[in-house]
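Reader: Could you walk me through this model, and tell me what stands behind each label you use?
Author: Gladly; here it is.

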Amino acid sequence: MRHRTVTLSFGALRASERLSWLEEMDRENGASRDLLLITDLDSANLGRDSLWGLVDEVSPVLQPMGWLDGEPIYSKSLTLTERL
């Protein structure tokens, strides 16, 4: 059986977003606790539009060469693999 995999990219995060939910999620979950991703909260088919799984690898938050409204912007990617 094949497991679904989803790659999420957060490409323009402000410092407040990075410090609040993003780093907190990494600290709490890391690569050892399950995450639930729901892509459509109003879906009639949550089995299709959600994924319960683990982060494959905890990657660092990156600070690319960019600024938004005078603040540095950060980026992060993570890959979730379905856990059955």
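Author: Along the sequence, the protein chain reads β-α-β-β-β-β-β. The model is predicted, so local features need pLDDT of at least 70, side-chain atom pairs count only at pLDDT 80 or more, and totals for chains, interfaces and linings use all residues. Residues are numbered from 1 along each chain as its sequence is written, and side-chain values use heavy atoms, with hydrogens and water left out.

Reader: What makes a stretch a helix or a strand here, and how many of each are there?
Author: Both are DSSP runs numbered from the N terminus: helices are H or I with at least four residues, strands are E with at least two. By that rule the protein chain has 1 helix and 6 strands. The C-alpha trace spans about 45 × 30 × 20 Å along its principal axes.

Reader: How do you know what confidence the predictor has in the protein chain?
Author: From pLDDT, the predictor's confidence in each residue, on a scale from 0 to 100. The protein chain averages 87, and 99% of the residues score at least 70. Confidence is lowest in helix α1 (residues 15-29), with a mean of 84, and highest in strand β3 (residues 50-55), at 92.

Reader: Which strands make up the open sheet, and in what order?
Author: The open sheet has 4 strands in the order β1-β6-β3-β2, with antiparallel pairing. Here β1 (5-13) and β2 are at the edges: each has a single partner strand, so one side of each lacks a neighbour in the sheet. From one strand to the next, the twist averages 40°.

Reader: Why do β2 and β3 count as a pair?
Author: Two strands pair if DSSP finds at least two bridges between them. β2 and β3 have 4 bridges, in the antiparallel sense, so they qualify as a pair. I38 has S50 in β3 as its bridge partner, and L37 has L51 in β3. The antiparallel strands β3 and β6 are joined by 3 bridges, and L54 has T81 in β6 as its partner. In general, strands of a sheet pair through backbone hydrogen bonds, either parallel or antiparallel.

Reader: What does α1 touch on the sheet?
Author: α1 packs on the sheet by touching β1, β2 and β6, and its direction makes about 150° with that of β1. Axes are lines fitted to C-alpha atoms, for helices over the stretch in contact, and angles run from 0 to 180 degrees between N-to-C directions. Touching, or contact, means heavy atoms within 4.5 Å.

Reader: Why is E82 called buried?
Author: Buried means under 20% relative accessible area, exposed over 50%, and partly exposed in between (1.4 Å probe, protein chains only). E82 has 15% relative accessibility, so E82 counts as buried. E82 is found in strand β6 (residues 74-82). Not counting residues up to four places away in sequence, E82 touches R2, H3, R4, L51, W52 and G53. Of the 84 residues of the protein chain, 26% count as buried.

Reader: What makes a set of residues a nonpolar core, and which residues form the largest one?
Author: A nonpolar core is a set of buried Ala, Val, Leu, Ile, Met, Phe, Trp, Tyr and Cys residues joined through side-chain atoms within 4.5 Å. The largest one has 6 residues in all: L35, L37, L51, V55, L78 and L80. At least two residues of this core come from each of β2 (35-38), β3 and β6. V55 touches G30, A31, L35, L78, T79 and L80, not counting residues up to four places away in sequence.

Reader: Why is D40 called partly exposed?
Author: D40 has 33% relative accessibility, so D40 counts as partly exposed. D40 is found in the loop between β2 and β3. Leaving aside neighbours within four places in sequence, D40 is in contact with L46 and D49.

Reader: How do you know that the side chain of D40 makes a polar contact with D42?
Author: A polar contact is a pair of N or O atoms within 3.5 Å; within protein, one must be able to donate a hydrogen and the other to accept it, and residues adjacent in sequence count only if both atoms are side-chain atoms. The side chain of D40 reaches the backbone nitrogen of D42 at 3.1 Å, so this pair meets the limit.
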